[in-house]
Amino acid sequence: MIDFLIKSSICLTTFLVFYYLILEREKTHQFNRFYLLLSIVISFILPFLTFEIIKIIPAVEEVQTITSIPVAFETTTETIDYTPLVLWSIYGLITFVFLIRFGKNIWKLVSKSKSNPIVKYKNAELVLVDEKTLPHTFLNSIFINSEDYNQRNIEDELYTHELVHVNQKHTLDILFIELLKSIFWFNPILIFYKKAIQLNHEFLADGKVVESHNNVPFYQSLLLQKGNGHQTIYLASNLNYLVTKKRLIMMTKNTPKTIAALKKVAVIPILAGLIYFFCVEIVAQEKKYLLKITIQKIMLLLMRHPKQIKKQTKTI
């Protein structure tokens, strides 16, 4: 188990560092989305894979004489170590608490969507809530304030933004990473993965808004205006998530296709290196002719077939 945790953590860290240094600042958001998700899956699979490379060693001939050796047996008293049981019990208890919390937050959003008025909007459902909140998405439900909806205070850009989360099923990514966080709660690397995944979701949604409405300055000011002082929903895709310099810059950035392709291909050496380092095992295999002869057998052979023994010793 310790070996798995160390190897998977090294893989996760390597993939994430590569993402931050090479991929995050480029406009390859669809690729980045699947890169982040697949890098997590691969990191948990690699520790279980083994590829053997057989290395042949020159043959060695050995002659051994076997004699009877007295063996002394010692009686030992077996002691039971309860440390693993205690550690697994603590881990199971904490994991159970986090899974309960995870399920409870899902149920809150599901029950909220069922207990409030719903308006069909394209291929999504608008859930009208009384609380003052910014639009946020969970599965195919977009939660918006009922007063803002009735007074038409919600800009078209915000609807477009949330529809991207619905159409591309970003909630599934968040549920996936949150489930892993509940199971591997002791691994802080997954926290950074969730932040990277959510920010990439916002890049995808922002890109669609810019493409559809073609008014970058207005949308940027709208984000800065709406994205301050509002609480981020735990399992939902949020309009105001990390309205930072990164999102504002990304809207006006263009990545040449050649550079994008080169950076995508650069993932292959990273993956190959991790596979070689963790999965490739060199197995030494030697062809050894081992001749086991006992003293008693030699004496019997000499007495019965002296001539044959002389011929055999010459050939050896």
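Visitor: Which element gives the most to the lining of the largest cavity?
Guide: Let's begin with the lining itself, remembering that this is a predicted model. The lining consists of K27, H29, F203, D206, G207, V210, R247, M250 and M251. Two elements supply two or more of these residues, α7 (189-213) and α9 (245-250). The top contributor, with four residues, is α7.

Visitor: How many charged residues are in the lining of the largest cavity?
Guide: Happy to sort them for you. The lining of this cavity, which holds about 50 Å³ of space, includes four nonpolar and two polar residues. Lys, Asp and Arg count as charged, and K27, D206 and R247 are among the lining residues. The number of charged residues is three.

Visitor: Which element gives the largest share of the lining of the largest pocket?
Guide: This pocket has a volume of about 260 Å³. The largest share, five residues, belongs to α3.

Visitor: Are α1 and α2 roughly parallel or roughly antiparallel?
Guide: Start from the axes of α1 (residues 2-23) and α2 (residues 29-45), which come within 8 Å and cross at roughly 165°. Angles over 145 degrees count as roughly antiparallel. The crossing of α1 past α2 is right-handed. Because of that angle, α1 and α2 are roughly antiparallel.

Visitor: How many nonpolar residues are in the contact of α1 with α2?
Guide: On the α1 side, the contact uses F4, S8, C11, L12, F15, L16, F18, Y19 and L23. Facing them from α2 are F31, N32, Y35, L36, S39, I40, I42, S43 and F44. Four of the residues in this contact are polar and none is charged, while the nonpolar ones number 14.

Visitor: How many charged residues are in the contact of α3 with α6?
Guide: The axes of α3 (residues 83-115) and α6 (residues 170-183) come within 8 Å and cross at roughly 155°, so the two helices are roughly antiparallel. From α3 come Y91, T95, F98, L99, F102 and I106, and they meet L175, E178, L179, S182 and I183 in α6. Eight residues of this contact are nonpolar and two are polar, and the charged count is one.

Visitor: Are α2 and α6 roughly parallel or roughly antiparallel?
Guide: These helices pack with their axes 12 Å apart, at an angle of about 30°. The cut-off for roughly parallel is an angle under 35 degrees. α2 passes α6 in a left-handed crossing. With that angle, α2 and α6 are therefore roughly parallel.

Visitor: How many charged residues are in the contact of α2 with α6?
Guide: R33, L37, I40, V41 and F44 of α2 make this contact with H170, D173, F176, I177 and L180 of α6. Arg and Asp count as charged, and R33 and D173 take part in the contact. Alongside seven nonpolar residues and one polar residue, the charged residues number two.

Note on methods: Residues are numbered from 1 along each chain as its sequence is written. This is a predicted model: local features need pLDDT of at least 70, side-chain atom pairs count only at pLDDT 80 or more; totals for chains, interfaces and linings use all residues. Side-chain values use heavy atoms; hydrogens and water are left out. On a 1 Å grid over the protein atoms alone, a cavity is a set of points where a 1.4 Å probe fits but cannot get out, and a pocket is an open set with protein on both sides within 12 Å along at least five of seven lines; lining residues have an atom within 4 Å of a point. Grid points are joined across faces, edges and corners, and a volume is the space filled by probe spheres set on the points. Axes are lines fitted to C-alpha atoms, for helices over the stretch in contact, and angles run from 0 to 180 degrees between N-to-C directions. Angles under 35 degrees count as roughly parallel, over 145 as roughly antiparallel, 65 to 115 as roughly perpendicular and the rest as oblique. A crossing is left-handed if the near helix is turned anticlockwise from the far one by less than a right angle, and right-handed if clockwise. Contact means heavy atoms within 4.5 Å.
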